[in-house]
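I opened my notebook to look up a few things in this structure, one entry at a time. Come along and follow each entry in the 3D view.

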Amino acid sequence: MAAAAAAAKAAAAAISAGAAVALCTERAHAEGGGPMFRFPGFSTPSHAPAAPPPHQQPPAPAGGRGDEAAEEAPRVSTQHSRTSAAGFDPAPLERGVEALNKLKQAPDPKKLFELMKKQEETRQQEFIAKKAEEQRALAQLEIEKKRIDYEETKKLDQQRAKINAQTSQYEDELKRKRMQAEHEAQRMRNQELVKMQEESAIRLEQIRRATEEQIQQQRRQTEKEKADIERATITMKSIAEADARIKELRETEDVRRRLLVEEIKADREKWIEVINTTFDHIGGGLRTILTDQNKLVVAVGGLTALAAGIYTTREGARVVWGYVDRILGQPSLVRESSRGRYPWSGSVSRATSTLTSKLKNGSNLGKNGNGFGDVILNPSLQKRVKQLANATANTKLHQAPFRNMLFYGPPGTGKTMAARELARKSGLDYALMTGGDVAPLGSQAVTKIHQLFDWAKKSNRGLLLFIDEADAFLCERNKTYMSEAQRSALNALLFRTGDQSKDVVLALATNRPGDLDSAVADRIDEVLEFPLPGEDERFKILKLYLDKYIVKAGDKHEKSWLRFFRRQPQKIEVKGITDDLIREAAAKTQGFSGREIAKMMASVQAAVYGSKDCELTPGLFREVVDYKVAEHQQRRRLAGEEPKQNA
């Protein structure tokens, strides 16, 4: 009985243990883990789905939810035929009951239980090892997958970069080809435009010549017909007048003869009476003077003194004024000077202008904003001229000797204007003369040159003597066509400029510096080249003369009362003249000098005054500029062909 009770207790304990094991197994299946203990009777049935091998594991989904999916995968399915609605599977419990029955039947249940427990622990460790190996394989697969994804992504990026580079290269090639095509089209258009302009200029010239010839022919025909008509009219008129005069003379010959005789008699009587009366008065006066000795002496002395006084005063004034003019007057070689003709002339105006220039020195920088008046030069040349002006002013201030200068370049490049402005900026007086005035003086040239330098030394401020066209009499002395008078004049100037002067600055201007005598070149200290203006300088000159000849034309009105009786000049209206249009004209006038640009703007002014509405439009401006450019080119061609014709 005691043994039966002990067996019953052991069976109850086994059942309790089996139930506990079944509950733990069920809980483990429900939580997704493997069974805690695997007994032979408690193992998973054959129909349960086995875990997939590591190489057949599905890839983890993106978004980092692969672990959660792996954890949720082994959950117990509730679709089994013996699974309850709550998800409880009674199979483990049945297996536990079977294991309990085996324990009851075993002779030593405790040892069997221990053995089964150890087997289950061994299986559990094997399962854990296998699971760890599967996890490592899974991790390796995940790493391999990421590596493959990275390589695919890298290849894709490289392919995209290559495609983008090829696309960019293709687009650049297309763009370059398109730009080349556009440039070629623009070049062709420019060539066509130039050709059309040349053809238009040629056509206009032909039309102009044909029109002029037609006008001249019509004028000659008209003059011929007019002359014929006038000759016929004069002939008929002469015949008619002759007939009328003959008829009148025949009818009135007797009457005119009688009237003429009577008129002659009346005139004779009148003149006889006048002569008698005059001689009576003269005779009475002479008798009075002759009879009175004192009156005779006074009359004779008064007449003699009057004649002597008139003659003496006239000749004396002529001699004195000639002496004053020779000593104090301006030499005849000087064409223009800032000094007056005599020392006392222009003193008030010079003082006023000096005071005005000093008051405006800080604010007035000239009309074109460069502090150099109307003179527009190359920036480097303008800087050099300003430096020379400052150096000359300081030289005069420190009583040092002046430096002589040579200005050379094509005609019309501003040499004379630059010399005038240099004298004004340096505070000196200036005098302008031309070399062509020396040759006609002949033997008097030497005397006139000495008078010129003597007059120049009398300036208290110092004087800049500017000789334009200096090569006219300062050329090489060994030339055969140079006269003796010119040679003497050159020697006189060389004598007066042999030493450095503190009173006179000699500035020479020439278009042919190579023709100057070597001794003259030795007197030169500073050499300045005045080239043709560039495009920027031409643009500024065009704006300057546009403002002077067009915009401000007619602003200077006469201030006297006569302006009320005279017609006021018409104001020019400017329409559409922009800086782009002026810059276009500056580009077209390549090779123009400043003087040619000034003449061109004067032609624009004349064309505006000749128009109907007195307004300047872009079309009229372009027309005059194109005509002047064609005229300039034609003049250059003629100048280039002239030596060939002479040859």
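**Entry 1: a pair in a helix.** I began with Lys588, which forms a salt bridge with Glu584, their closest N and O atoms being 3.4 Å apart. I noted the rule: a salt bridge is a side-chain nitrogen of Lys or Arg within 4 Å of a carboxyl oxygen of Asp or Glu. Lys588 and Glu584 are four residues apart in helix H13 (residues 579–588), so about one helical turn separates them. Lys588 counts as partly exposed at 24% relative accessibility, and Glu584 counts as partly exposed at 31%. Here buried means under 20% relative accessible area, exposed means over 50%, and partly exposed is in between (1.4 Å probe, protein chains only).

**Entry 2: what I am looking at.** This is a predicted model, in which local features need pLDDT of at least 70 and side-chain atom pairs count only at pLDDT 80 or more, while totals for chains, interfaces and linings use all residues. Residues are numbered from 1 along each chain as its sequence is written, and side-chain values use heavy atoms, with hydrogens and water left out.

**Entry 3: the chain overall.** I found 15 helices and eight strands in the chain. Helices (H or I, at least four residues) and strands (E, at least two) are DSSP runs, numbered from the N terminus. Of the 647 residues, 26% count as buried.

**Entry 4: other salt bridges.** How many salt bridges does the rule give? The count comes to 28. One of them joins Asp429 to Arg461, with the closest N and O atoms 3.2 Å apart. Asp429 lies in strand S3 and Arg461 in the loop between H9 and S4, so this pair ties together parts that are 32 residues apart in sequence. Is Asp429 buried or exposed? Asp429 is buried, with a relative accessible area of 6%, whereas Arg461 is partly exposed at 36%. I also looked up Glu573 and Lys575, whose closest N and O atoms are 3.8 Å apart in their salt bridge. Glu573 is partly exposed at 42%, and Lys575 is partly exposed at 38%. Elsewhere, Glu205, Arg208, Arg209 and Glu212 are linked in a network of salt bridges.

**Entry 5: the sheet.** Next I traced six strands that form an open sheet, in the order S1-S3-S4-S5-S2-S6 and with mixed pairing. The edge strands are S1 (336–337) and S6 (526–529), each pairing on one side only. Two strands pair if DSSP finds at least two bridges between them. S4 (residues 463–468) and S5 (residues 504–510) pair in the parallel sense over five bridges. I picked out Phe466, whose bridge partner in S5 is Ala507. Helix H9 (residues 445–457) lies across S1, S3 (429–434), S4 and S5, running at about 150 degrees to S4. For that angle, axes are lines fitted to C-alpha atoms, for helices over the stretch in contact (heavy atoms within 4.5 Å), and angles run from 0 to 180 degrees between N-to-C directions.

**Entry 6: a nonpolar patch.** Which residues make the nonpolar surface patch? Ile282, Leu286, Leu290, Leu296 and Val300 make this patch of about 450 Å². Helices H4 (109–291) and H5 (293–328) each give two or more residues to the patch, and H4 gives the largest share, three residues. Ile282 sits in H4 and is partly exposed, with a relative accessible area of 44%. Patches are made of residues with over 30% relative accessible area and no salt bridge: like charges are joined within 9 Å, nonpolar side chains (Val, Leu, Ile, Met, Phe, Trp, Tyr) within 5 Å. Accessible areas come from the Shrake-Rupley method with a 1.4 Å probe; for residues, only the protein chains shown count as cover.
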